Amino acid sequence: MDDGPAPSSARRSLRQRLLLAVVAGALLFAALAGALANRLGQARATAGSLASLKAMVMAVEQTAATGAYAGDPVLLREIVGGLARNELVALAEVRAPDGRTLARAGRAAPAPAPAETTIEQPLTSPLDGTERVGVLRIEADRARIGALVARETLTLSALMIGQVLLVALL
């Protein structure tokens with residue numbers, strides 16, 4: 001007569017099922033954590049890049065306003081040239097209030113840049129804060145920002161998944 005599996009065999013089977021459930025749960029959690037880390041990393045890297053661009057605009061705003069007010073093309077070319085040397089900048093330009101381009105440096109994107117990757121800072125006269133003398137405009141290098149975002153999200157996701165898997169193995 002067979003009374004079923006031996007007690008030690010039943011315990012082993014229960015342990016295996018428990019281990020399988022823990023590993024499956026850990027893998028599911030790792031996948032969810034990786035996806036969440038990916039989204040957070042994208043948002044953080046994009047926001048950080050745009051904040052850097054805004055800080056650059058703020059740093060040169062007064063000088064650009066002075067150059068636009070004085071109509072100094074050499075100074076304006078120096079400003080936009082310096083901005084365009086930054087890896088995050090695809091195009092920097094200063095425009096007059098009537099839309100004429102006073103100075104431009106960098107490379108124009110093949111397609112119009114979306115509003116979220118373009119920064120436009122109105123320039124006012126150094127003598128009269130209500131008189132508009134131009135606009136400082138920067139287009140972000142979307143490809144470079146995309147590469148930074150991909151690198152950050154990959155690192156963050158890998159760390160998160162690795163941590164979950166390590167805890168599951170322990």
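What share of the 170 residues in the protein is made up of buried residues? In this predicted model, buried residues account for 32% of the 170 residues.

The secondary structure consists of 3 helices and 4 strands, and, read from the N terminus, the elements follow the order α-α-β-β-β-β-α. The radius of gyration of the protein is 28 Å, well over the 15 Å that the globule rule gives for 170 residues, so the protein is more spread out than a compact globule. Taken along the principal axes, the box filled by the C-alpha atoms comes to roughly 105 × 30 × 20 Å. When contacts between residues at least 6 apart in sequence are considered, 62% of them join residues that lie at least 24 apart.

The table gathers values for the whole protein.

| Property | Value |
|---|---|
| Distance between the mean positions of the 18 positive and 15 negative charges | 10 Å |

One residue can be followed in detail. Glu61 has its place in helix α1, which covers residues 7-70. Is Glu61 buried or exposed, and which side chain of opposite charge is nearest? Glu61 is buried yet has no salt bridge, and the nearest side chain of opposite charge, that of Arg132, is 10.0 Å away. A salt bridge would need a side-chain nitrogen of Lys or Arg within 4 Å of a carboxyl oxygen of Asp or Glu. Leaving aside residues up to four places away in sequence, Glu61 touches Gln121, Pro122 and Leu123.

Key: Residues are numbered from 1 along each chain as its sequence is written. This is a predicted model: local features need pLDDT of at least 70, side-chain atom pairs count only at pLDDT 80 or more; totals for chains, interfaces and linings use all residues. Side-chain values use heavy atoms; hydrogens and water are left out. Helices (H or I, at least four residues) and strands (E, at least two) are DSSP runs, numbered from the N terminus. The radius of gyration is taken over C-alpha atoms; the globule rule is 2.2 Å times the number of residues to the power 0.38. Buried means under 20% relative accessible area, exposed over 50%, partly exposed in between (1.4 Å probe, protein chains only). Contact means heavy atoms within 4.5 Å. Lys and Arg count as positive and Asp and Glu as negative; His and the chain ends are not counted. The place of a charge is taken as NZ of Lys, CZ of Arg, CG of Asp or CD of Glu.
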